Amino acid sequence: MGSRFKRFSDMINIYGKGGHAKVVNSVLKSRHPKRVAFWDDKDYHKDIKGHWIIAIGDNANRKKIADKLGDNDYATILAESSLVYNSEIGCGSQILHRAVVQVGTTIGKHCIINTCASVDHDCVLEDFSFIGPNATLCGGVEIGEGSFIGAGAVILPYIKIGKNCMIGAGSVVTKDIPDGSTAYGNPAKIK
């Protein structure tokens, strides 16, 4: 996929009405000011047409909603100010304002790379992972499915973060983190 936003010919449906949905809408606003609709559990129904983006920051909830929506046509969102170089990006993923994704990176489905995050070369982000604002993933980092990397965290080169992990804001991860762990601090320790 190229480094710019794909133009959509029909409606973009944003599932979510909270803060993250506002950020996603700000990415879309200049291109589709009248072609965006917001939905949640109260008003969603299966007959809604168009492209979908799940604007929910919580990984587990984003996965539940994706399961509920099924095989819809998902939009992949790249903010105009983001930089993405020769990387693969899965459907429904969001690369937000001023984020950088370097060459050789693979991003799964429904991932969020938040504002000013940096994902260096040859990283792998599995489905439903979240990279917080100003977080840094050095080269060759692997992030497991459903894992959350907090704002300003730094993951050193070639570290593997397991599935469903939570890395605290501002942490510096110097060692691999096993599945299901919560780690924070400098250096990050499992708690």
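In helix α1, the buried residues are His20, Ala21, Val24, Asn25, Val27 and Leu28, where buried denotes under 20% relative accessible area, exposed over 50% and partly exposed the range in between, computed with a 1.4 Å probe on protein chains only. Viewed down the axis of α1, these buried residues fall within an arc of 155°, so they line one face of the helix; the arc is that of the directions from the helix axis to the C-beta atoms. On the other side of α1, Gly19, Lys22 and Lys29 are exposed. The structure is a predicted model, in which local features need pLDDT of at least 70 and side-chain atom pairs count only at pLDDT 80 or more, whereas totals for chains, interfaces and linings use all residues. Residues are numbered from 1 along each chain as its sequence is written, and side-chain values use heavy atoms, with hydrogens and water left out.

The cover over the buried residues of α1 includes β1, β2 (36-39), β3, β4 (77-78), β7 (94-95) and β10, with contact taken as heavy atoms within 4.5 Å. Asn25, which lies in α1 (residues 19-29), has a relative accessibility of 18% and therefore counts as buried. When neighbours within four places in sequence are left aside, Asn25 is in contact with Ile14, Val36 and Phe38.

Helix α2 (residues 59-69) has Asn59, Arg62, Ile65, Ala66 and Leu69 as its buried residues. Seen down the axis of α2, these residues fall within an arc of 125°, so they too line one face of their helix. Lys64 and Asp67 are exposed on the other side of α2. Among the elements that cover the buried residues of α2 are β1 (12-15), β3 (51-54), β10 (112-113), β13 (130-131) and β16 (148-149).

Along the principal axes, the C-alpha atoms fill a box of roughly 45 × 30 × 25 Å. Buried residues make up 49% of the 191 residues, and of the contacts with a separation of 6 or more, 26% are accounted for by residues 24 or more positions apart. The protein chain exposes about 8,900 Å², of which carbon and sulfur atoms supply 51%, the areas coming from the Shrake-Rupley method with a 1.4 Å probe.

Several loop positions were also examined. Cys91, in the loop between β6 (88-89) and β7, is partly exposed, with a relative accessible area of 32%. Not counting residues up to four places away in sequence, Cys91 touches Tyr74, Thr76, Lys109 and His110, and although Cys91 and Ile53 are 38 residues apart in sequence, their C-alpha atoms are 9.0 Å apart in space. Ile159, in the loop between β17 (154-155) and β18 (160-161), counts as buried at 8% relative accessibility. Apart from neighbours within four places in sequence, Ile159 is in contact with Gly140, Val141, Glu142, Val173, Thr174, Lys175 and Asp176, while Ile159 and Gly180, 21 residues apart in sequence, are 16 Å apart from C-alpha to C-alpha.

Backbone geometry was considered at three further loop positions. Cys116, in the loop between β10 and β11 (118-119), has a positive phi of about 60° although it is not a glycine, and at 23% relative accessibility Cys116 counts as partly exposed. Phe128, likewise not a glycine, has a positive phi of about 60°; Phe128 is placed in the loop between β12 (124-125) and β13 and, at 6% relative accessibility, counts as buried. The peptide bond from Asn186 to Pro187 is cis, with omega near -5°, and Pro187 is situated in the loop between β21 (182-185) and β22 (188-190).

Key
Helices (H or I, at least four residues) and strands (E, at least two) are DSSP runs, numbered from the N terminus.
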